[in-house]
Amino acid sequence: MKKKTLNKIVAPALALGLLVPVNAQAADHTPTASTPAGDLRATLDQLLSEHYVLAVTSMMKGYDEAADAEVADQALDQNALDMTPAIASIYGEEGAAQFEEIFRGHNDYSADFVEAAKSDNQELRMEAEAEVDEFVEEFSTFLDAATEGNLPKDAAADALELHEDQVLSVFDNYVEGDYEEAYMTFREGYKHMFNISKALSGAIVTQMPDKFTTGADTPAVELRSTLNSLAGEHFALAAIGMQKGYDQAEDYDYVTWAEDQNTLDFKAAIASVYGDEGAAQFEKVWNSDHITAQGDIVAATLEGDEAMIEDARMRLDQFAVDFSTFLDAATEGNLPQAAGEEAIKQHEALVLDTFDQYVAGDAEAAWMSFREGYAFMFGVGETLGNAIVTQMPDKFEETMMPEEMPETGLGGAQEQSMNTLYAGLAVLGGILLAFVTLRKRKVSEQ
């Protein structure tokens, strides 16, 4: 039952990303984030970034011997299985089987690193490191061959090695109690997964021009991917942070720090366009009516304060109304209020479901809700991205696919990731001003 449910979570994204034929919008080059190439990239954004989040989280829980450690590890394994149909739709069953054997198998090394840390077994640690090296060699070779050289082996190996180093750095720093470094690296590693999905989707698009008439890096698709990154990270940190808060974990403050950094990605965009005052107003509204409300639910749950829980939930409902009203006005009706409110409330419900099920000790339900909630954020990125693109088509003119694969830039991936992030945020900041204005009077009275 569990695997069937989890498969349903990602099936819509896979269908959109890989099985829909080239649409009319893509054919006439009308700006849109929902092209076949954009859907492919979004699917890889989702699955690869979720892999990273689950890998790191399951290792932490395994080291702590948490009650839900085994279920978190099962979610990581299911994530790998969910990638198989995506690969099969591109490279056939044989290619998918080869991919699954390599990629799914490398998740097993996580348990070895955890056991080595718990038992201080340096020999086991070295064996696990050697297995990671073998995985990087084998998987980079596979990607080079599958994409017919459009994702060169050396570039793929560099990207995979960095990914593995970041996973282990997060875990090692967590074990050592250096939580600041752990969560700094967590954020870097998370962003890196979007560099990998960009490079891989670009290679596939270039390899198969009959299936993709526009690139995976058009301005509209870049905006969609930026929103995917921010929205997905927000959900992951919110859900994990609430669990950490309930457990009164030593690293709880550092998870909330990472959440604050996610918020600052928005605040920086507002400041760059509207100054520090507008940015400060945005930060206060976002935190008090949204992030802080989730923290209040954790505190109230620990105290058994039902009235405080109800108050916080009502604040989240009001946030959904206010923010959806803003989105309707800001996008000139391209994201209608009713649809926006429903989506925001569904997001909040999934965050709270994950938490409530965790508190109740239903680990299986909690991690199913986590995966569903994480996948949901990638629909938010597409919907909001298209609303902005539709409103401002001149800013998102698409270009024809290049004849040759552009440089992937994986060697300088982090710098390029931040450039892309803030370019997309600058556009997002424009529509967020309406929200700041809408709530300014209420904020000033608080």
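Hi everyone, let me start with helix H7, which gives the largest share of the lining of the second largest cavity, 4 residues. Helices here are DSSP runs of H or I with at least four residues, numbered from the N terminus. Before going on, a word on the source: this is a predicted model, where local features need pLDDT of at least 70 and side-chain atom pairs count only at pLDDT 80 or more, while totals for chains, interfaces and linings use all residues. Residues are numbered from 1 along each chain as its sequence is written, and side-chain values use heavy atoms, with hydrogens and water left out.

Back to that second cavity. Its volume is about 110 Å³, and 13 residues line it, with Met-59, His-106, Ser-110, Glu-164 and Val-167 nearest its centre. Two or more lining residues come from each of H3, helix H5 (108-119) and H7. By class, we have 7 nonpolar, 5 polar and 1 charged residues in this lining. For your notes, Ala, Val, Leu, Ile, Met, Phe, Trp, Tyr, Cys and Pro count as nonpolar, Asp, Glu, Lys and Arg as charged, and the others, Gly among them, as polar.

A cavity, on a 1 Å grid over the protein atoms alone, is a set of points where a 1.4 Å probe fits but cannot get out, and lining residues have an atom within 4 Å of a point. The volume is the space filled by probe spheres set on those points.

How many cavities of 30 Å³ or more does the structure hold? There are 5. The largest has about 220 Å³ of space, and of its 23 lining residues, Leu-48, Phe-139, Leu-160, Ile-196 and Leu-200 lie nearest the centre. Helices H3 (36-64), H4 (69-106), H6 (122-146), H7 (153-176) and H8 (179-207) each supply at least two residues of that lining, and H4 gives the most, with 6. The classes are 19 nonpolar, 3 polar and 1 charged.

Finally, H6 and H7 as a pair. Their axes, lines fitted to C-alpha atoms over the stretch in contact, come within 8 Å and cross at roughly 150°. H6 and H7 are therefore roughly antiparallel to each other, the word used for angles over 145 degrees.

Thanks, happy to chat!

Technical notes: 1 Å grid on protein atoms, 1.4 Å probe; cavity = no way out; pocket = protein on both sides within 12 Å on 5 of 7 lines; lining within 4 Å. Axes fitted to C-alpha atoms, helices over the stretch in contact; angles between N-to-C directions. Parallel < 35°, antiparallel > 145°, perpendicular 65-115°, else oblique.
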